[in-house]
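Take a look at the structure first, and then we can walk through it together.

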Amino acid sequence: MKSKYLLYISFLVGSTIIAGCKKNYLGDGSLPEGQITEEQVFGNDNYARGVLSNAYSNLMDRYSLDGNGAMQASGSDEAVNSNLNSSINIFNNGTWSATRTVDDVYSGMYQGLRKVNLFLVKAPGSAITPVAELTTTTAADLTYSAQIARLRGEAFFLRAMFHFELVERYGSAVLATRIFAQDEELNLPRNTFDQCVSSILLDCDSAIARLPLYTETWNTTNRGRATQTAAMALKARLLLYAASPQYNTTNDLTKWQKAADAAKVIIDLGTGIHTLITPYNNIPLFGTVPYNKEVIFATQATNRNDIEQNNAPISYDGALGRTNPTQEMVDAFEMKTTGRLITDPLSGYSEAAPYTNRDPRFDLIVFYNGRTYKSKTVDTYIGGKDGIGANINATKTGYYLHKFFNDGVTWNQAANTTSRRPWVIFRYGEILLNYAEALNEAQPGNADVLVKVNLLRTRAGIPALQTTSPTANGYVVNTKLDIRERIHNERRVELCFEGHRFYDIRRWNEGSRFLNSPVTGMRITKNTNNTFSYQRFQADTRVFANKNYLYPISQTELNRAPALGQNPGY
């Protein structure tokens, strides 16, 4: 008996388009209601383009996973969510299961796959009319074949991206690289991890062969669409995952080298294409322009103030204070003068002045007691207006998140202001770290490892890592293991709250080290002489089992397609 279900693959064209029936073509509100057929859609330039444009909506904005401001950081050791009833806590409390899921993207990714597969098949021969969409457009760019090639390049990239989102979470997926017929057997087993990697890489290469080089190759109206460098960045991240201990159980060094080589392709394009933006707080992660040379690919930028309203300290116009950095996250920021971790006796760290002389990124990313925001002081001490216990939404760790804010936006006012921002999916800083990590594993001692890491450290304003005794302040690392640990910490700081830490811990097979113990905060007491005392305390308990390296397949999907198989342990 043929199953009519497969994780929403059954929503593909065969089961959604019936001539003469009153159907919305994509089933999601993207086209008007009425009698519309496949031929009518692809016989219309706007409708045909709309199928592809709508597929971009399946890319995920990660500012709110629970609909109430929870970020994935609160499912790792980066943060605690101030809403103790948030579904984000399923990641932490040992209740994660096939019947109790969080961030379950299976259906959304297959809906996106359906759209791009349909477009790939139907775009050639459609009524799409070539338009000038590049910064510099030639006559050759305006031919029908060139236009269709660019559009199909976008579809190949999106197909690779949707498959990656599935593999990143579930370890493998049923590859949807074609339109499934309505009457075929759809109760299919998942493809292997290696098969998924090969398919995603192939789609990335297909995208690279057809797309404009980078964001600024598109004219200003079209920036934000897929590019060659976006596909290159996806390859680099995928190959880094494939080389990491979670999947590379024999530590095959050739896999690490492939990951390094993939990242190096982008680096070798030169700073005229992608580069680090200086200073650090001018990158789009701080509410500035949504696209620049550091951003490789991002979701659609929208005008918004929900990021601030969800995460600002509670005394600021009724903000919700959702994402509370942990003390473990705060401790990861090094000392500015010495470039040493605060656990190093030579770092210069003082427990009596814990926020003094820290990595300058700390001030930009975390609201701590005494920091200024909107011309007022953030008061997280016990009894302070933003302190622990001040109200139900108050910080659970003694800290609030500041990264991603545009300090000029307002909320809960008679007239509010917003700022146009996307969720950044790939940026150049990640590429440098991907390259350094992979090269250190493949070629220990290669000087280019620290060269690339130090580009980020120099921008941040902290001393470079060095392999010999420095003439000034700095920290010496001269073994593969030492360098690995410092690269891991650099990722933790540079990429914090951007969605990397959750997966980095898993691909490094370090869940028991970082996710199976309580996270802490800082309880601050104001003394009678207006000084402060600091005491670390347990802010939240955390549970991690080996099964939690992967997401569970939801029971709903297993009921539809038992051949999928459940991930081990669930």
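**Pockets in the predicted model**

The largest pocket has a volume of about 680 Å³. The second largest pocket holds about 350 Å³ of space. Please keep in mind that this is a predicted model.

**Confidence**
- The average pLDDT of the protein is 92, and 93% of the residues score at least 70.
- Residues 1-29 have a pLDDT below 50, yet this stretch has 80 contacts in the model beyond near neighbours in sequence.
- Where pLDDT is low, the predicted coordinates should not be read in detail.

**The largest pocket**
- Its lining is made up of 29 residues, and Ser53, Tyr56, Gly224, Arg225 and Gln300 lie nearest the centre.
- Helix H3 (45-55), helix H5 (144-170) and strand E3 (302-304) are the elements that each give two or more residues to this lining.
- H3 gives the most, with 5 residues.
- By class, the lining has 10 nonpolar, 11 polar and 8 charged residues.

**The second largest pocket**
- Here 16 residues form the lining, and those nearest the centre are Leu341, Asn489, Arg492, Arg513 and Phe514.
- Two or more lining residues come from each of helix H10 (327-331), helix H14 (480-494) and helix H16 (511-514).
- H14 supplies the largest share, 5 residues.
- The lining of this second largest pocket divides into 5 nonpolar, 3 polar and 8 charged residues.

Methods
Residues are numbered from 1 along each chain as its sequence is written. This is a predicted model: local features need pLDDT of at least 70, side-chain atom pairs count only at pLDDT 80 or more; totals for chains, interfaces and linings use all residues. Side-chain values use heavy atoms; hydrogens and water are left out. pLDDT is the predictor's confidence in each residue, from 0 to 100. Contact means heavy atoms within 4.5 Å. On a 1 Å grid over the protein atoms alone, a cavity is a set of points where a 1.4 Å probe fits but cannot get out, and a pocket is an open set with protein on both sides within 12 Å along at least five of seven lines; lining residues have an atom within 4 Å of a point. Grid points are joined across faces, edges and corners, and a volume is the space filled by probe spheres set on the points. Helices (H or I, at least four residues) and strands (E, at least two) are DSSP runs, numbered from the N terminus. Ala, Val, Leu, Ile, Met, Phe, Trp, Tyr, Cys and Pro count as nonpolar, Asp, Glu, Lys and Arg as charged, and the others, Gly among them, as polar.
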